Amino acid sequence: MIQNTVLRHEHHACSVATDASLSQITIDDQPLFAAALASLAEPVSDASFTASLCWSEPLQLRKAIIEGHLCLFSAADGDLSMMLPPLPLSPTEAWRLPDAVEASFAIMDAHNAEGPGIERSRIEYVSDEMVQSILGTTWMDLAAETMHGDYVYTRDDLVELAGGDLKGKRKLRSKFMRENPDITTGPIRAEDIPECVSLLAQWREAADIRHEGEANERLMGVDILRERDEQSTIRFLELIEPLGLESMAVRVAGRLVGFTIGEWLSPTMGVVCVEKTEPGLAGAPQFIYSEFCRINFAGATEINAGDDWGIASLRYTKTSYRPSRMLAKH
């Protein structure tokens with residue numbers, strides 16, 4: 001997260017967009033995002049057109065073109081922030097980044113001054129490679145704060161679940177396969193979506209009971225995060241075919257017991273965006289995770305599972321798979 005440490009300031013003269021220039025994200029924006037995201041050597045899981053489109057309504061995302069940069073704003077938490085740093089639409093526009101940052105803060109400050117205050121203006125999900133590009137290249141007094149990073153695993157480790165550290169998960173996967181011999185897997189089809197939505201509702205109901213009263217490190221109720229996750233998951237399901245996403249449905253004797261959705265973040269890295277399994281079905285999460293990586297991400301060297309949202313229980317689960325490294329976010 002990058003914030004302006006000087007809360008009262010005057011912006012240098014530059015072409016500053018207004019709230020009226022913020023527009024919704026549509027599927028037709030895919031080429032626009034592709035051009036902007038091409039500037040990143042190693043994108044974090046959030047730096048994806050698919051993620052931006054699927055989370056656009058839960059996070060109230062809006063886009064703008066400012067100083068030749070794609071800028072993505074969010075108004076989900078009662079303030080206006082940025083969900084990604086400004087990204088140049090072509091290499092020839094990169095020199096305009098300082099003006100794009102200043103203009104973006106002007107937009108956020110104008111909105112937040114009427115509500116929670118301009119100290120809430122911030123740029124989130126800034127990767128390591130973008131931090132230094134932003135800090136020190138503008139007259140603004142900016143400070144970077146570390147966020148929760150992406151968990152990255154060696155793909156073969158997730159497929160094999162080998163070694164002492166993953167022995168427990170390997171046993172759970174074997175238990176699931178032993179107790180459910182009639183297992184079938186395949187891509188999620190349009191006719192599967194109603195069943196997936198029904199399973200999603202079961203998952204949320206069980207999670208609401210199991211994690212009642214839990215909050216993340218920002219003291220946001222996990223129930224709010226689950227509600228947003230449910231909304232975005234339905235959008236992921238709807239966009240599997242239009243966006244060519246990777247997907248898998250797992251059935252036992254014809255009954256849907258799990259589904260997962262992902263995409264290729266780079267030629268060598270897959271990202272798991274969604275994973276839901278029938279509550280209480282032992283070994284199902286371990287089976288679908290390893291099987292999805294084996295079949296859908298053959299050829300990948302790494303798997304990105306995103307961050308943990310600052311939730312202790314999610315951090316425990318993602319750490320238990322023994323990440324090979326973390327992708328930092330600020």
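**A strand and its partners**

I began at the hairpin of β2 and β3, which has two residues between the strands, and there Glu67 takes a positive phi near 50°. Helices (H or I, at least four residues) and strands (E, at least two) are DSSP runs, numbered from the N terminus. This is a predicted model, where local features need pLDDT of at least 70, side-chain atom pairs count only at pLDDT 80 or more, and totals for chains, interfaces and linings use all residues. Residues are numbered from 1 along each chain as its sequence is written, and side-chain values use heavy atoms, with hydrogens and water left out.

Next I looked up the pairing (DSSP must find at least two bridges between two strands). β2 (residues 61–66) and β3 run antiparallel, joined by six bridges, and Ala64 stands opposite Cys71. Two bridges join β3 to β4 (residues 81–82), also antiparallel, with Ser74 opposite Ser81.

Is β3 buried or exposed? Six of the six residues in β3 (residues 69–74) are buried, meaning under 20% relative accessible area with a 1.4 Å probe, protein chains only. On one side I found His69, Cys71 and Phe73, and on the other Leu70, Leu72 and Ser74. In a regular strand the side chains alternate between the two faces of the sheet.

Key:
Buried < 20%, exposed > 50% of the residue type's maximum accessible area, 1.4 Å probe, protein only.
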